[in-house]
Structure formats: structure tokens, C-alpha cells
Amino acid sequence: TRPNEVTDGPTGECFVFLFNDILIPCTQEEGLFKKETLKVRSIIQLLHASIVDVPDSADGKNVFEVHVQGRRWTFSAHTALEKKEWIQEIGGAIQTHMKTTETMERRISRAIQHVPTPPARHSSLSADHRTKSFHSSTQQPEGDEWAG
């Protein structure tokens, strides 16, 4: 499906690619040797994004917006069903990306809490002995905290 981008860039028909964590609107242009190419108009990070269902009005039908940190991209789908599908897909990607990021942050935080404190350095120890002592005191956390 191809929603029409109507603000924050050129208006007109565009192609929109939705990935796990980004949304990429592109426009079609004539490239070398008269071949059509796609030009990336923006890369929209979904981590701090929200999606807004805009009611139909005289200004446009089947409109929705993506908001990210003070910026707004406005799209209009060809049909009401297509608009609903885009809102669900983009909203789902936003939620999944947020959950994944929160999970990673929790795992990193737990891993950092389990990093052993290096042994005290004594001037009488050689560098090789300190390294050996440090590695021998490292322990892996219990459970699946290191599992992906």
C-alpha cells in the first residue's frame, strides 16, 4: 500500500516502507537511463513515536499522522480500510520496538549490577597476576540473565 504524504516534505504519492524500528517515506523519480528510482524523503525513528488518527474533514480523508519529538509527518491512505491497516501496523511496530528497547535496557542494567568489582591492586603483584586474579573472580549471573 502507498499512502500519500501530505506534509513535512513534498506532497503527492509516495511509497512508505515500515521496518521494525523505522518508517521510510520515498518518492518515485526518474533516474539514470530513464529508469524510475525511489528517493528517501525521511527516516522516521519509531522509538519515541506516536500515531494519530485524524478525523476526515474538508482538508483530507483517510489521514493519519506520525509524531516524533516535535516533528509531524502526515499521510493519507487511499481508503479507510488502508488507513486502519497502516495505523495498526505502525502502532504495532512502535509498541514492539518500545517493549524490545525496555527489555534490553533492563537486561543491560541487571548485567551491569552483576559485574564483579576488580580485586584491589597491590603494588607487590605483577600485572599478569592481577589479570589472572580478575578473570578467576568473574562469575556469571544465575539463571537466564545472559540469554538472548
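Start by selecting residues 80–113, helix H1: its 34 residues reach 49 Å from the first C-alpha to the last, close to the 50 Å expected at 1.5 Å a residue. That expected span is 1.5 Å times one less than the number of residues. Helices here are DSSP runs of H or I with at least four residues, strands are runs of E with at least two, and both are numbered from the N terminus.

A quick note before you click on: this is a predicted model, where local features need pLDDT of at least 70 and side-chain atom pairs count only at pLDDT 80 or more, while totals for chains, interfaces and linings use all residues. Residues are numbered from 1 along each chain as its sequence is written, and side-chain values use heavy atoms, with hydrogens and water left out.

Stay on H1 and colour its buried residues, among them Trp86, Ile87, Ile90, Ala93 and Ile94. (Buried means under 20% relative accessible area, exposed over 50%, partly exposed in between, with a 1.4 Å probe and protein chains only.) Now show what covers them: the cover includes strands S3 (15–18), S4 (22–30), S7 (49–54) and S8. Contact means heavy atoms within 4.5 Å.

Next, select Phe64 and Phe75, both buried. How are the two rings of Phe64 and Phe75 arranged? Their centres are 5.5 Å apart and their planes at 20°, so the pair is stacked. The rule takes rings of Phe, Tyr and Trp (its six-membered ring) with centres within 6.5 Å; planes under 30 degrees apart are stacked, over 60 edge-to-face and the rest tilted. By that rule the count is one aromatic pair. Phe64 sits in strand S8 (residues 63–68) and Phe75 in strand S9 (residues 71–76), so the pair ties together parts eleven residues apart in sequence.

Then pick Cys14 and Cys26. The sulfur of Cys26 is 7.9 Å from the closest cysteine sulfur, in Cys14, too far for a bond. A disulfide needs two cysteine sulfur atoms within 2.5 Å, and a search of the whole structure finds zero. Cys14 is buried at 0% relative accessible area, and Cys26 is buried at 4%.

Finally, zoom out to the protein chain. There are two helices and nine strands, running β-β-β-β-β-β-β-β-β-α-α from the N terminus. Buried residues make up 26% of the 148 residues. For contacts with a separation of 6 or more, 39% join residues 24 or more positions apart.
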